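Dear colleague,

I am handing over a structure that I would like you to look at with care. Please open it first, and then read my notes beside it.

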Amino acid sequence: MALQKFYKDFETGQAEPAVGKLAELLEEVVPEHSELQDSEPDGTVTGRYASISVDQYIHFFSCDVTFELDNDTQGMVPAGLWVGALYLSDHETVFGNRLVRFPGNGVPTVLTFGEPAKHTERYRANRPIRMSSYLVAKEFFEQSQTLSGDSPIAAVADLITPGVNQHALAKPERIAETLTSLLNNPYQGHMARLFVESTVTASVFELAQSLNDAQEEQRLSGPHKSTLAIEARHVIDTEPEQFGSIITLASRLGTNETTLQREFKAETGQTIFQYVMHRRMQAARILIRDRKLAISQVAYKVGYNNPANFSTAYKRFYGHSPAEERA
């Protein structure tokens, strides 16, 4: 099903932040918005928003907005794949009966939907939402599967199973860089649209390869792969800044510290602390390159209580300081 049934092309506030009614903004973006709402959203929204059709099966969204009042809004997401990253604030969305939390650390989240799903967005007053994402309809991958059943693009069709599912990326860094560059589109007008179309199209292929690499990694590990290590990686990947201690993580996963450390090292070749450091530094680099937060704010965002300690750790990890990264 073509995505134009779900979303319309619309851009506002690209040159400078625009102020408008939230209900009117949603009606400009979502054709069936009024049919899904029990009551109209209230208040104003300030900032910029883009809803751009890349082709009939791929749609791009970005925003940097702040809501005047608390609001819950409703919509429909079609069957397919969504990839996006949030910056500044975390966010919650309910798909059917499932609550999905998106951490505001710039790390990509990948979801697939086996069938169209109703969703409720929970926006909070004066909490900025800064987001870059794109949606690829299920039909895009099904057509690729028909044309070339052994390509990475075609193989993604097998990941689109019933329900709402979250997926790991083998190399999230490149996808993160792409989403950040789309959010900070350096062009205006027609050139801006061309940049979005070419960048998103290329990213879909790169995303498919990363998803397939992650699946292959699991397959090659064989029947003895540690599900405990997989669960630990998922927790750390989603919220590296929330990691407190190995004991806390082990308790959350229903095991003990020794078993968790042993299985994690055997599975990843890294200690848990090394892996957490890696993911925190990746998130920090994304936020630094986004240029929205001060470096001290980035430090707190990725789990450091002391910006000086963060700068030291960053330089040790990448070989240059956070300030040099941004220069």
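The notes below go through salt bridges, a surface patch and one serine.

The model is predicted, so local features need pLDDT of at least 70 and side-chain atom pairs count only at pLDDT 80 or more, whereas totals for chains, interfaces and linings use all residues. Residues are numbered from 1 along each chain as its sequence is written, and side-chain values use heavy atoms, with hydrogens and water left out.

I begin with the salt bridges, where the term stands for a side-chain nitrogen of Lys or Arg within 4 Å of a carboxyl oxygen of Asp or Glu. By this rule the count is 17 salt bridges. One of them joins Glu11 to Arg193, with the closest N and O atoms 3.7 Å apart. This pair links distant parts of the chain, as Glu11 is in strand 1 (residues 10–12) and Arg193 in helix 6, 182 residues apart; helices (H or I, at least four residues) and strands (E, at least two) are DSSP runs, numbered from the N terminus.

For exposure, buried means under 20% relative accessible area, exposed means over 50%, and partly exposed lies in between (1.4 Å probe, protein chains only). Glu11 counts as partly exposed because its relative accessibility is 38%, and Arg193, at 23%, is also partly exposed.

Are the two partners Asp64 and Arg130 buried or exposed? Asp64 is buried, with a relative accessible area of 15%, and Arg130 counts as buried at 3%. Their side chains meet in a salt bridge (2.4 Å, N to O), and the pair links strand 4 (residues 58–67) with strand 11 (residues 129–137), 66 residues apart.

A further salt bridge, between Arg289 and Glu177, has an N to O distance of 3.2 Å. Arg289 lies in helix 10 (residues 272–290) and Glu177 in helix 5 (residues 172–183), so this pair ties together parts that are 112 residues apart in sequence. Both belong to one network, joined by salt bridges that share partners, of Arg174, Glu177, Glu206, Arg285, Arg289 and Glu325.

Finally, please find Ser210 in helix 6 (residues 189–220). Ser210 is buried because its relative accessible area is 6%, and, not counting residues up to four places away in sequence, Ser210 touches Leu169, Ala170 and Lys171, where contact means heavy atoms within 4.5 Å.
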